[in-house]
Each structure stands twice: as structure tokens, then as C-alpha cells.
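Please view the sequence and the structure together.

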Amino acid sequence: MTRNEAIDLVAYNDWANARLFAACAQLSEDGWTRDLGGSYPTLLQLVAHVTGVEWIWLQRWQGESPASAPAWMKDPEPAVLRGVLGEVEERRREFVSEFTDDDLQRDVQYTLLDGSGGALPLAVLLRHVVNHSTYHRGQMASMLRQLNVTPPATDLVLFALERQS
């Protein structure tokens, strides 16, 4: 992965998250908190998970490994999550803009919330975060359909086409 590819991948992730959050903004409190089943039974819990994971991995990339989830992740509110995600996106864009191609190959040491740890190249971890969020955006889309909200398309191809025009 090159620096420019990393910048594009982060831009895609931010774009897709923004589209999903815009669709979620139509929901009533009941829509956010209705148990729809799944590993994260409510849309609010799922959005908190995605936001929290993106925040935690950014912390790890910057040399800090949080030992526990932040309070806003444990007792989430939609407006707080959107604000946190906006801050994460801004800080991550700044972080990625300073990369060199070599930076993407350096190992990042991290500790997971369960205390285990490891080290992987930053490029792998960046792909992991975007892939993780993409997976859960699919779940969000399914939940929105259950709530009679049409989810937005978040395909990478659509992102690329929009950037061309």
C-alpha cells in the first residue's frame, strides 16, 4: 500500500460512514434502540461499536493502547457518537497525510482490550479498520431496512465515480 492509497482508503471509509450516519439521522429514539437481533442488537450499539473501534485503532496507531472502552461507547448517544467519529476522522486524515510509503510498512505494537497484543504493519491495520467498518455498515444497512429506512449505497465503485465527477 502506498501513502496515496492509504489516503484514498481513509477517504472512502469516511464517506461511507457519513452516508450511513445521514440515513440514521432520520430515526426516532425507538429506531436507534429497537432490538433487531444480531451481535449488536440495536443500531445504537452497532454504531457505538464501529465508532469505538475506529477511535481505539487510531489511539493504537499513535502509540497508545486503551485498556478499556471509553464511557461514550458503553452508554452511547447518537449525537455524541457522530461528534466522536468526526474527531476521529479529522485526526486520522491528518495522521495519514503525514505518512510516507515506508511508514505504512512499519510495525505497530498494540494491546487489545483483553490484554493480549501483537504487532502488524500499519498498512495491514489500516485495511483491517476499513474492512471492519465495511462489514458492520452492511449490518447497519440491514437494520435500517428493518426500520423502513432505505440505506444509502456505500460501494467503493460509487465513491470512485463520485470523485471523478
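## Terms and model

A residue is buried under 20% relative accessible area, exposed over 50% and partly exposed in between, using a 1.4 Å probe and protein chains only. The model is predicted, so local features need pLDDT of at least 70 and side-chain atom pairs count only at pLDDT 80 or more, while totals for chains, interfaces and linings use all residues. Residues are numbered from 1 along each chain as its sequence is written, and side-chain values use heavy atoms, leaving out hydrogens and water.

## S133 in helix α6

S133 is found in helix α6 (helices are DSSP runs of H or I, at least four residues; strands are runs of E, at least two; both are numbered from the N terminus). With a relative accessible area of 0%, S133 is buried. Its side chain makes a polar contact with the side chain of E54, at 2.5 Å. Here a polar contact is a pair of N or O atoms within 3.5 Å; within protein, one must be able to donate a hydrogen and the other to accept it, and residues adjacent in sequence count only if both atoms are side-chain atoms.

## Aromatic pairs

The whole structure holds seven aromatic pairs. Rings of Phe, Tyr and Trp (its six-membered ring) pair if their centres lie within 6.5 Å; planes under 30 degrees apart count as stacked, over 60 as edge-to-face and the rest as tilted. The rings of W57 and Y110 are edge-to-face, because their planes are at 65°, with centres 5.1 Å apart. W57 is in helix α3 and Y110 in strand β1, 53 residues apart.

W57 is buried at 7%, and Y110 is buried at 14%.
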